[in-house]
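Dear colleague,

I am passing a structure on to you, together with an account of what was found in it. Please have the model open as you read.

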Amino acid sequence: KRPAPQPAPEADEDLKLRRLFAENIEPGADWKTLKDLFNGYVDVAFADVITIDDESFGLIEFHSRVDALEACMQFNGVLLGDTPVRLRQDRGEFHELKANKRQRTRAPEGYDERPKGREARGPPPEPQRQPRGPPPEPEHTRRGGGGRPSQHGSSPTGAARVFVGNLDFKISWQDLKDHFRQVGNVRFCDIFKGEDGKPKGCGIVEFSTEEECERALTELNESQLGNRVIYIKWAE
């Protein structure tokens, strides 16, 4: 009988580098809650969560090594609910935990423990990248005066915008605007929030020109804002 083909070592290594292991996940969070943490910043190909002895752990797979690296840098320590989630490169811990849990809960002989139906298949992978639109416009820009220009309001590309990560959770949109005014005219800024209304630790700033974005990338990347060092990149 012909043996099953084995993945090339380089392919296996690439998969490891595209995966992050998450711990300190809030109780009750599922794979979708974990996946939604990264909405608006990077696409997630697959996510899963397992709970053992009241502790939850997660696995997040991205489409590229760069996406995984940036997600780890920007979201490590970000609140998921009321708990700061810890992220690092997965070294196989998640699958070991899952295997150990199956071993501990192995059913008696004669019982068919194979999944039945759609629900048992677990979180479905999402191989296709979904287009990302601009973040929703906050209340303080919709009430007139200082709002975002309409020519940039619906375009996720070509706008003079930068993404800001690792924000102090106590920073407001006004603090963010004041910090970036030193390099240019800030036309719009916002801090991303979860469904519970709590900040995610990242935001977006829009300038009048791309040259001002360049100055922000050059002069303010890794600058201090509040109690954290912020990281800046072009917004997608």
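Two strands are said to pair here if DSSP finds at least two bridges between them. With that in mind, and bearing in mind that this is a predicted model, one can begin with β2 and strand β3 (residues 55-62), which pair in the antiparallel sense over eight bridges, with Ile52 standing opposite Glu55 in β3.

These two strands belong to an open sheet of four strands, in the order β2-β3-β1-β6, in which the pairing is antiparallel. Its edge strands are β2 (44-52) and β6 (86-89), each of which pairs on one side only, and from one strand to the next the twist averages 20°. Helix α3 packs on this sheet, where it touches β1 (19-25), β3 and β6, and the direction of α3 makes about 150° with that of β6.

Which residues of helix α3 are buried? In this helix, which covers residues 65-75, they are Asp67, Ala68, Ala71, Gln74 and Phe75. Seen down the axis of α3, these buried residues fall within an arc of 145°, so they line one face of the helix.

Lys16 lies in helix α1 (residues 9-17).

Elsewhere in the model, four strands form an open sheet in the order β8-β9-β7-β12, and here the pairing is antiparallel. At the edges stand β8 (186-193) and β12 (231-234), each with a single partner strand, so one side of each is left without a neighbour in the sheet. Neighbouring strands of this sheet are turned by 25° against each other on average, if direction is ignored.

The partner of β8 is strand β9 (residues 199-207), to which six bridges join it in an antiparallel arrangement. Along this pair, Val186 stands opposite Phe207 in β9, and Asp190 stands opposite Ile204 in β9. The two strands form a hairpin with five residues between them, and Gly197 in the turn has a positive phi of about 85°. Although β8 is an edge strand, it is mostly covered, with six of its eight residues buried.

Helix α7 (residues 173-180) packs on it, touching β7 (161-165), β8, β9 and β12, and the direction of α7 makes about 140° with that of β8. Helix α8 (residues 210-219) packs on the sheet as well, touching β7, β9 and β12, and the direction of α8 makes about 150° with that of β12.

With kind regards

Notes: Residues numbered from 1 in each chain as written. Predicted model: local features only at pLDDT ≥ 70, side-chain atom pairs only at ≥ 80, totals over all residues. Heavy atoms only, no water. Buried < 20%, exposed > 50% of the residue type's maximum accessible area, 1.4 Å probe, protein only. Arc of directions from axis to C-beta. Axes fitted to C-alpha atoms, helices over the stretch in contact; angles between N-to-C directions. Contact = heavy atoms within 4.5 Å.
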